[in-house]
Amino acid sequence: MKKYRLTALIFIGLLFSLFWAFPVPAPADEDIPKKFFVAPPPFSEGIFPCSQCHKGMPVNRTPRKLEQMHQDIVLRHMPGGWCFDCHNPNNRDTLRLANGNVVQFEESYNLCGQCHGTVLRDWKMGIHGKRTGMWNGEKQYLLCVHCHWPHDPKFKSIKPLPPPIQPSDIR
Amino acid sequence: MTEKKAEKYIDRRTFLRGAALGLAATALPLDKADASFWEAFFQKYYREMNEEEKKKVIQRLEKEYAQKYKKEIKVGDEKALPGVLFGYGLDLSRCIGCRRCVYACVDENNQSKDPQIHWITVLRFKKGEKFLDLEESEKYYNPSQVPEPGYFYMPVQCQQCENPPCVKACPTQATWKEPDGIVVVDYNWCIGCRYCMAACPYGARRFNWTTPNRKPEEINPKTHYLGNRPRYKGVVEKCTFCIQRTRNGRYPACVEACPVGARKFGNLLDPDSEMRQLIEHKRVFRLKEDLNTNPKFYYFFAYGR
C-alpha cells in the first residue's frame with residue numbers, strides 16, 4: 001500500500017512539474033503576425049500621402065491611359081490589371097487585399113504574398129531578398145518594392161564591374 | 001682509415017655549428033636590429049600564445065602598421081563564439097554576375113590592388129550545357145549588361161571545408177580551421193611554399209607575389225589578426241567569411257553588397273537561421289562534393305523547382 005502511495009505521489013508530482021514547465025499553451029505562429037524590421041517604403045519625392053491630391057477626387061474605375069499624372073507608370077505586372085487591384089479606392093494612403101482587408105504601405109509584402117505566397121514564405125525565412133545588419137541579432141529586411149518596382153517588377157539588368165586582369169595583360 | 005679522415009677534416013658537428021652561425025650572421029640584417037624586428041623574428045606560433053603574448057604581438061603589429069601606413073589600424077583577435085558554426089549560401093537562381101561582391105570584398109579585406117588580388121571569382125556558364133563543367137566556364141566575361149540571356153553565373157570563393165585539404169598540406173601549420181569553421185592563415189607563420197594552393201580543389205587561395213600594393217587611405221582600419229590585416233610579400237591569403245565582421249555579429253561584406261540578395265549567411269547550429277532554413281527547404285548542392293572536403297558553402301536554387 002505504501003509503495004502505491006509513493007508511486008501516486010511521484011505521478012502527481014510529475015503532472016504538476018509538467019504544468020509548471022508549460023503553464024499556458026503557446027499561441028500558434030499564425031496568431032501573432034511577426035513584425036519585420038523593414039526600411040520605410042521607397043516613395044518618390046513628395047508623392048506620399050496620396051490623399052493630398054486624391055482627396056475629394058472622384059474614383060474612376062475604368063482602365064484607361066493616364067494623362068495628367070502617373071504617366072510614367074506602365075503596368076507590366078499582371079496583364080489586364082488596374083490600380084484598384086492593389087490600391088485602396090476608399091483611402092488612397094493604403095493598399096487593399098483581394099479579400100477587402102486594408103494593408104499599410106509599410107506592410108505591402110502581405111499584398112504581394114497574395115499571389116507570390118511561396119516567395120513571401122521564403123522572404124520571411126530570410127531566403128528571398130537581401131538581409132543586412134547582424135546575422136545573430138537585428139536584421140534589416142527590405143520590402144519587395146525596394147528591389148521590384150511593383151508596376152514592372154522584373155529586376156532590371158545592370159552593368160557588371162570590371163573582370164579580373166588576365167594573366168596576359170600583367171606587365 | 002676513419003681516424004686519418006678525422007684528423008684531416010673538421011668533424012661534422014663543428015662544421016655544422018660554424019655553418020649555422022655563419023649563415024645566421026649573413027641572413028639576419030644586424031643594422032635592422034631594433035626590438036620590433038627581433039620580436040617579429042622570434043614570434044611564437046599563434047595557437048600556442050597566451051593572451052598576454054597575443055596582446056604584445058598585436059601591439060607590435062599596430063605600431064608597425066601605423067609607421068608604414070601613417071594611420072591607425074586596429075588589429076583584433078576576437079575568439080570564435082561558442083555554439084557557432086558558420087555556413088554560407090548562394091542562390092544560383094538569383095545571381096546576376098554583376099561582381100559587386102568581388103569589389104566589396106576587396107574594399108573590406110585590404111587585398112592588393114596592383115598586382116590585383118580578388119578572393120571571389122565569378123564564373124559564367126552557358127545554360128543547358130553539361131551542368132557545372134568548370135572547364136567550360138568563363139571568368140573574364142565583360143558584357144555591357146548582366147544578366148545575359150542564355151547564361152548563368154556562379155561565384156566561387158573559399159568553401160570553408162570541414163575537411164580542408166589545404167590545412168593538411170601546410171608544412172608549418174600556418175593555416176588551420178577555427179572552432180567556428182573558418183579556415184584561417186597566420187601571415188606571420190606562412191612560409192609561402194604555396195602547397196595549400198596546390199591542395200585546394202576550388203582555387204580559392206591567393207599568393208602575394210609582391211608586397212601588397214594599396215593606398216593607405218584605402219585601407220580598412222578595422223582588421224583581425226587572422227583576417228584582413230595588411231599582409232606581407234610571399235604569404236598566402238584567402239576568404240575568411242570576413243572574420244573581423246562575423247565574429248562581431250555582422251554579415252560578411254559580400255552578403256551586404258549583393259544587389260539581388262543571392263548571398264546568405266548564418267549559423268549552421270541555429271535551427272532558425274536562414275542557412276538551416278534553406279538547407280532544409282531548398283535544393284542544395286556543394287561544389288565538388290565527391291572530394292569529401294565537406295564544404296560549408298551551399299549553392300542553392302530558391303526559384304524554379
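**Reading aromatic rings in a predicted model**

Ring pairs join W135(A), F86(B), Y88(B), F241(B), F265(B), F285(B), F297(B), Y299(B) and F301(B) into a cluster. The model is predicted, with side-chain atom pairs counted only at pLDDT 80 or more. Residues are numbered from 1 along each chain as its sequence is written, and chains are lettered from A.

Q: What describes a pair of aromatic rings?

A: Two values do: the distance of the centres and the angle of the planes. Here, rings of Phe, Tyr and Trp (its six-membered ring) pair if their centres lie within 6.5 Å; planes under 30 degrees apart are stacked, over 60 edge-to-face, and the rest tilted.

Q: How many aromatic pairs does that rule give over all chains?

A: The count is 28. Take F37(B) and W38(B): their planes stand at 85 degrees with the centres 5.4 Å apart, so this pair is edge-to-face. Y45(B) and W176(B) are also edge-to-face, at 5.9 Å centre to centre and 80 degrees between the planes.

Q: Which residue lies over the face of Y141(B)?

A: A charge sits over a ring if NZ of Lys or CZ of Arg is within 6 Å of the ring centre and within 35 degrees of the ring normal. R99(B) lies over Y141(B), 4.1 Å from the ring centre, and R124(B) lies over the face of Y151(B) at 4.0 Å.

Note on methods
Predicted model: local features only at pLDDT ≥ 70, side-chain atom pairs only at ≥ 80, totals over all residues. Heavy atoms only, no water.
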